[in-house]
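I opened my notebook to get to know this structure one look-up at a time. Come along and check each entry against the view.

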Amino acid sequence: MAQPKYITKIDQIKEIPETERERLKKITEKFVFRVNEYYLSLIDWEDPNDPIKNLVIPNEGELAEYGRWDASDEDTNYAAPGCQHKYETTALLICSEVCGAYCRYCFRKRLFRNDVKEAMSDVDPGLEYIRNHPEINNVLLTGGDPLILATKKLRYIIEELRDIPHVKIIRIGSKLPVFNPMRIYEDESLLELIKEYSTPDNRIYIMAHVNHPREITDEAKKAFQALHDAGAIVVNQTPVLKGINSNSDDLAELLDKLSWAGVTPYYFFINRPVAGNNDFVLTLKEAYDAVEKAKAKTSGLGKRIRLSMSHTSGKIEILAIEDGKAYLKYHQSRDGQYGKFMVLDCPDDAAWFDDLPGNEQHWKKPEKKIEEVVSVNKMPDMPQKRKRRAAASK
């Protein structure tokens with residue numbers, strides 16, 4: 001396959017002025033940098049506010065004091081090494097610590113620290129846990145990006161999961177359909193794998209991460225089509241982000257283009273308060289208004305989208321924010337409170353569930369299930385320098 005060249009040093013991007021590259025180097029010392037030539041070609045370098053640039057090029061706001069490394073306390077979700085079990089019927093296998101590029105807003109930036117090891121190249125302990133828990137009927141492969149793994153490795157994981165009778169749905173979270181669509185439509189072995197194991201009774205779902213309509217290029221549409229032809233179901237989720245897609249016209253165009261391409265709009269998320277994400281923050285009211293204005297401009301297919309917060313306690317759907325009140329519902333719940341309806345005061349500057357007065361009455365902080373996983377929030381703010389372990393994709 002003719003794959004795009006990957007770039008991991010900011011100095012290699014000559015479109016960025018040298019003085020700016022020097023300033024950005026201190027950011028890449030804290031937060032890893034990676035992009036590829038294909039994705040860089042989508043950037044309009046004449047536009048200082050280009051959304052594609054904002055997605056992958058470091059910004060100085062990343063060093064502002066803001067948020068936590070693990071804003072949703074994922075360390076408490078691990079039930080086995082590399083395997084999270086937060087909701088009764090769903091398990092996550094964190095099987096890759098590499099992505100096609102690194103989104104500057106990523107809520108799992110901690111995985112790319114040299115001193116953190118949550119993603120597991122050895123998925124067997126997680127698979128064994130899933131085998132022993134028949135309540136789990138769907139499994140999400142995530143990371144990092146599972147489609148960065150060699151197809152041989154993916155085949156092993158998917159074959160093992162398909163050998164577990166109670167696992168009906170396999171989901172693969174990936175931004176490669178837009179970061180590197182060629183990896184998908186040029187890899188016949190990957191498409192054959194999907195075709196073999198995405199059946200009328202047990203589908204494979206690709207959970208795409210398309211943030212902006214300009215990412216939906218002809219190449220991306222070829223990747224979507226190849227996945228459709230192989231029998232996969234493709235859906236999309238994205239946070240609503242200041243400087244990237246908070247304009248309602250952009251969100252409406254995204255919903256339209258996804259629907260036209262046969263990609264189901266699934267979730268709009270509130271940006272998690274993760275360290276380094278300061279420049280992407282919208283208030284809950286701003287995000288809600290942008291989404292509602294976008295939905296007013298799209299078809300019923302686009303209107304299927306849900307606006308949610310992936311909070312420590314569960315997925316909290318934002319039903320409305322009106323007259324200083326937030327109307328919320330648990331769309332998923334760690335503690336079995338699905339459907340619980342909440343009305344809370346919503347200050348003008350509230351940007352997360354924890355910012356709403358009285359939120360603490362509706363949930364309690366969970367305890368860790370296993371001690372093997374280090375709580376990144378308790379680690380030094382700056383990653384500790386040491387030789388990086390071999391990437392999971394090797």
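**Asp 73.** I looked up Asp 73 and found it buried, with a relative accessible area of 4%. Buried means under 20% relative accessible area, exposed over 50%, and partly exposed in between, with a 1.4 Å probe and protein chains only. Asp 73 sits in the loop between α3 (51–56) and β3. Helices (H or I, at least four residues) and strands (E, at least two) are DSSP runs, numbered from the N terminus. I also noted that phi of Asp 73 is near 50°, a positive value in a residue other than glycine. Most residues other than glycine have a negative phi.

**Ground rules.** I am reading a predicted model, where local features need pLDDT of at least 70, side-chain atom pairs count only at pLDDT 80 or more, and totals for chains, interfaces and linings use all residues. Residues are numbered from 1 along each chain as its sequence is written, and side-chain values use heavy atoms, leaving out hydrogens and water.

**Asp 323.** Is Asp 323 buried or exposed? I found Asp 323 exposed, with a relative accessible area of 78%. Its place is the loop between β12 (314–322) and β13 (325–330). Phi of Asp 323 is near 50°, again a positive value in a residue other than glycine.

**Strand β4 and its partners.** I went to strand β4 (residues 83–87) next and found five of its five residues buried, so β4 is largely enclosed by the rest of the structure. Strand β3 (residues 78–80) runs antiparallel to β4, joined by two bridges; two strands pair if DSSP finds at least two bridges between them. Across this pair, I saw Tyr 78 opposite Gln 84 in β4. The hairpin of β3 and β4 has two residues between the strands, and Gly 82 there takes a positive phi near 80°. Then I followed β4 to strand β5 (residues 90–94), also antiparallel, with three bridges. A hairpin of two residues makes that link. Which residue of β5 is the bridge partner of Cys 83? I noted Leu 93.

**Ala 223.** I found Ala 223 in helix α9 (residues 218–229), where it counts as buried at 0% relative accessibility. Not counting residues up to four places away in sequence, Ala 223 touches Pro 177, Pro 181, Ile 184 and Tyr 185; contact means heavy atoms within 4.5 Å. I also checked Pro 48, 175 residues from Ala 223 along the chain, and their C-alpha atoms are separated by 29 Å.

**Pro 213.** My next stop was Pro 213, in the loop between β8 (204–208) and α9. Pro 213 counts as buried at 1% relative accessibility. Leaving aside neighbours within four places in sequence, Pro 213 is in contact with Asp 250, Glu 253, Leu 254 and Lys 257. Pro 213 and Glu 253 are 40 residues apart along the chain, yet their C-alpha atoms are separated by 6.2 Å.

**Stepping back.** I counted eleven helices and 14 strands in the chain. The radius of gyration is 20 Å, close to the 21 Å that the globule rule gives for 394 residues, so the chain is as compact as a globular protein of that length. That radius is taken over C-alpha atoms, and the globule rule is 2.2 Å times the number of residues to the power 0.38. Of the 394 residues, 58% count as buried.
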